[in-house]
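Subject: Structure for your files

Hello,

Here is the structure, with the sequence. My notes on it follow below.

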Amino acid sequence: MTDFRAMQSANKRKTFALLFFMGVLVWFIAYVAIAAFGGTGAGVIPLAVLITLVSVWGSYFASDKLVLKMTRAQLITEADNPNLFNVIHEVVIASGLPMPKVAIVNDPAPNAFATGRDPNHALIAFTTGLLDSMDRDELQGVVAHEMSHVANRDTLVSSVAATTAGVIALISDILMRMLWFGGSRNRDHNGQQMPIFLAIIPLILAPIAATLLKAAVSRRRESLADATAVSFTRNPAGLRSALEVLARDTTVVQARSNAVAHMYIESPLDASVASKLFATHPPIQERIAVLRAMEANPSSSN
Amino acid sequence: MDISAIILIAVALFVVYAILQYNKLIRLNISVDEAFAQIEVQLKRRADLIPNLVETVKGYASHEREALEKVVQARAASTTASTLPAVAAADGALTNALRGLLAVAEAYPDLKASTNFLQLQEELATTENKVSFSRQFYNDSVRNLNTAVKTIPTSFFVGLAKVGEREFYEVEDPTIRNAPNVKF
């Protein structure tokens with residue numbers, strides 16, 4: 001696909017489809033819970049939803065401040081780095097977004113991330129390693145990619161995906177524990193339609209499926225961010241070149257964990273461990289190839 | 001439910017729909033105005049940088065009168081332009097004049113090395129980019145508005161909203177991306 005607008009539409013459609021399937025999965029697990037565990041199963045559902053909502057949405061609302069702490073990022077002002085602010089300000093004008101807060105992470109590994117509950121509370125951060133290894137056009141490509149996450153409300157989308165996956169995982173977890181610790185005592189007294197042993201398979205598989213779907217959503221949003229970045233800069237070569245720099249570099253960011261991995265422009269988790277299906281980002285060579293196709297077809301970047 | 005209640009609900013729904021479409025057109029039109037104002041902000045920034053640039057260059061290359069004159073004249077013309085075609089034309093002329101002046105400056109190593117000039121170059125480069133991006137954003141806004149104005153069903157409400165198609169910002173010269181080698 002060489003047209004960034006078509007790419008944006010396709011990724012949005014796919015995200016919607018994936019979130020829809022995740023929703024279906026929640027209903028399916030809820031059905032299993034009620035069918036196999038009867039009243040107790042039905043009681044677990046609101047509990048799981050409440051716990052997940054509080055933890056996911058609590059962190060969503062405070063995402064900008066929370067992430068600053070978790071990644072040890074330092075907020076900076078225009079006076080601290082006027083050239084960086086110029087680059088960001090240019091993307092702000094091209095995108096029509098408000099100026100985000102800017103932070104620096106002291107780390108030799110090149111990486112960047114964006115967070116914040118909406119464009120008015122956005123934060124973008126860059127490692128010192130990234131600022132040292134990119135030229136102006138490449139840096140602008142990275143800035144545009146991060147601002148795209150803000151524009152596309154990706155913190156919100158991933159919170160929705162995380163909530164759905166979280167609810168599924170929690171329901172399965174609680175019910176499996178009940179099974180293990182003697183839920184069978186209730187078997188004949190709760191009026192359930194499904195024999196408990198049949199519930200085991202979906203209870204084990206559903207969380208895995210949810211994680212796979214969540215990873216797929218993350219990959220679509222990364223792809224969307226690449227396309228939206230081109231819609232801002234109209235310069236696919238900048239981002240492509242930046243990704244090539246990242247592909248060549250093998251150092252990894254220090255302050256990383258599963259919780260924040262998905263936000264970085266390049267996955268900071270060990271590539272050999274995460275297989276393609278669980279990956280939060282599309283393979284970097286694929287991203288580079290897509291951008292190259294846009295460069296080869298200049299009329300598509302207008 | 002009898003037929004008059006159904007008709008009433010249908011009318012109410014239609015009124016709500018009409019309001020939404022009307023507001024959409026108004027909002028899109030206002031964003032085009034805003035985007036145009038943003039171009040003018042950036043153009044003014046550029047115009048304000050120019051006297052400083054002219055003085056710095058004059059300090060090292062005073063006999064390059066032709067290039068300097070072109071810039072000064074183009075700047076004067078740009079401050080008086082107000083309609084979109086006039087602004088676009090003046091903007092294009094000034095961009096060309098500036099490019100000419102910077103090309104001339106290449107031949108003066110003392111000028112090129114002066115910190116004043118280097119800072120001005122970054123300022124100019126970023127301002128040119130901002131002008132270019134604000135033009136792009138304006139054209140994006142115009143595209144969104146024109147698409148809404150011409151596509152069904154929003155097109156039916158164009159008369160009511162008194163909103164029409166707007167013109168794109170066309171520049172003769174393709175926009176240049178300035179990327180000097182600066183350390184961050």
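**Helix packing between the chains**

In this predicted model, H3(A) packs with helix H5 (residues 115-150) of chain B at an angle of about 15°, the axes being 8 Å apart. Axes here are lines fitted to C-alpha atoms, for helices over the stretch in contact, and angles run from 0 to 180 degrees between N-to-C directions. H3(A) is therefore roughly parallel to H5(B) (angles under 35 degrees count as roughly parallel, over 145 as roughly antiparallel, 65 to 115 as roughly perpendicular and the rest as oblique). The crossing of H3(A) with H5(B) is right-handed, the near helix being turned clockwise from the far one by less than a right angle.

On H3(A) the contact is made by A:Asn83, A:Asn86, A:His89, A:Glu90, A:Ile93 and A:Ala94. H5(B) contributes B:Glu122, B:Thr126, B:Asn129, B:Lys130, B:Phe133, B:Ser134, B:Gln136 and B:Phe137. Contact means that C-beta atoms, placed from the backbone, lie within 7 Å. By class, the residues of this helix pair are four nonpolar, seven polar and three charged (Ala, Val, Leu, Ile, Met, Phe, Trp, Tyr, Cys and Pro count as nonpolar, Asp, Glu, Lys and Arg as charged, and the others, Gly among them, as polar).

**The interface as a whole**

Chain A puts 15 residues into the contact and chain B 13 residues. On the chain A side, helix H3 (82-95) and helix H5 (136-151) each supply at least two residues. H3(A) gives the most, with seven residues. That side of chain A divides into four nonpolar, six polar and five charged residues.

**Chain A**

Chain A has ten helices and four strands, taken as DSSP runs numbered from the N terminus (helices H or I, at least four residues; strands E, at least two).

H5(A) has 16 residues and spans 22 Å from first C-alpha to last, close to the 22 Å expected (1.5 Å times one less than the number of residues). Because 15 of those 16 residues are buried, H5(A) is largely enclosed by the rest of the structure. Just after H5(A), A:Arg153 takes a positive phi of about 55°.

**Conventions**

Residues are numbered from 1 along each chain as its sequence is written, and chains are lettered from A and ligands numbered from 1 in the order in which they are written. As the model is predicted, local features need pLDDT of at least 70 and side-chain atom pairs count only at pLDDT 80 or more, while totals for chains, interfaces and linings use all residues.

Regards

Notes: Two residues are in contact if their C-beta atoms, placed from the backbone, lie within 7 Å. A residue is buried if 20 or more other C-beta atoms lie within 10 Å of its own, exposed if 12 or fewer, and partly exposed in between; C-beta atoms are placed from the backbone.
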